[in-house]
Amino acid sequence: YAAAPRQYGRDAARWLRDLFDHYGTREVVRPYGRFTRWNLFDLPWEDEVGQRDALIGQETQQAEVYRAPSNFALLGAVNRLVLLHGPNGSAKSTFAASVMRAMEDYSHTDEGALYQFNWVFPRGRGTDNAKIGFGGLTGKDEGPAPGDTYAHLDEREIDAKVLCELRDHPLLLLPREVRQKLLQDTFEGDAGESEAAPQFLWRGGLSHKSQQVFEALFTAYRGDLRRVYAHVQVERWYVSRRYRTGAVTLGPQMAVDAKERQVTASRSLSALPPSLQNTALFEPFGELVDAAGGLLEYSDLLKRTLEAWKYLL
């Protein structure tokens, strides 16, 4: 992160703006004028068959949509929706689909890497097996020693893994004062850069379930953050329309687009520390959760009743 803070400290709006810039632009001449066209809408990473779904024309609309995440980036937060309106067949769905397909491709590049984290709890928490990749653990009931990590354990060595469905940014694990000092040093340290750190990193915090796990471990380890971080496993994630990860299309409906349910008492969860077994953990689910950190398309938005609009943001 310290080597490239603006790349690894982006919110979704800045990531989307950088996606447009990644594929670049070119000048095109139409019978009605000369325009700048964003190359991503030509689907250059696709084969000849895939490129048949490319967006034709609409250069003016491309510029308008590009301006939206650019403004969000300057503001530091996403506080509006982008509305594409027009008659049937005016390429609104094709426009959104092209952006989502570009997101999938961009997330597999080094420049578009995205990261989240899980909480891992190993089998036989106090084992000092040298093959695990770290040593010097304390007694079985005392958890990891400061500086150890369970992040690289083989899956067979893990008894329980608590996922973060909202894909919290790993920097949110830092205490707010430490995080703000880090953001201030890294973002403001870049000469000539006018953008401040994203608001979700500057003022935000962990999602509810992750915060519960964090507080339980923080209490169990008597305030030793290094031992809490031993349970953090940072991993890369990729945008996928097929698996509804960071790119979701939502049709007209009346119901709320996100719900939560209590995590069931499975065998893996029975392996959690006692401090977590006595905590009611809830996992959110739904289209809003699936799209977290990415792009959510409200298809046929104006067919929704006005009463449903209060949930849009």
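Q: What order do the strands of the open sheet have?
A: The order is β4-β3-β5, an open sheet of three strands with antiparallel pairing. Strands here are DSSP runs of E with at least two residues, helices are runs of H or I with at least four, and both are numbered from the N terminus. Two strands pair if DSSP finds at least two bridges between them. This is a predicted model, where local features need pLDDT of at least 70, side-chain atom pairs count only at pLDDT 80 or more, and totals for chains, interfaces and linings use all residues. Residues are numbered from 1 along each chain as its sequence is written, and side-chain values use heavy atoms, without hydrogens and water.

Q: Which are the edge strands?
A: β4 and β5 (232-237), each pairing on one side only.

Q: And how many bridges join β3 to β4?
A: Four, and these two strands run antiparallel. Val120 stands opposite Lys161 in β4.

Q: Changing topic: how many residues has the largest nonpolar core?
A: It has 23 residues, and Trp119, Phe121, Leu173, Val213 and Leu217 have the most contacts inside it. Such a core is a set of buried Ala, Val, Leu, Ile, Met, Phe, Trp, Tyr and Cys residues joined through side-chain atoms within 4.5 Å. Buried means under 20% relative accessible area (1.4 Å probe, protein chains only).

Q: Which element gives the largest share of this core?
A: α7, with four residues.

Q: What is Phe121 in contact with?
A: Leaving aside neighbours within four places in sequence, its contacts (heavy atoms within 4.5 Å) include Ile158, Val213, Leu217 and His231.

How values were computed. Buried means under 20% relative accessible area, exposed over 50%, partly exposed in between (1.4 Å probe, protein chains only).
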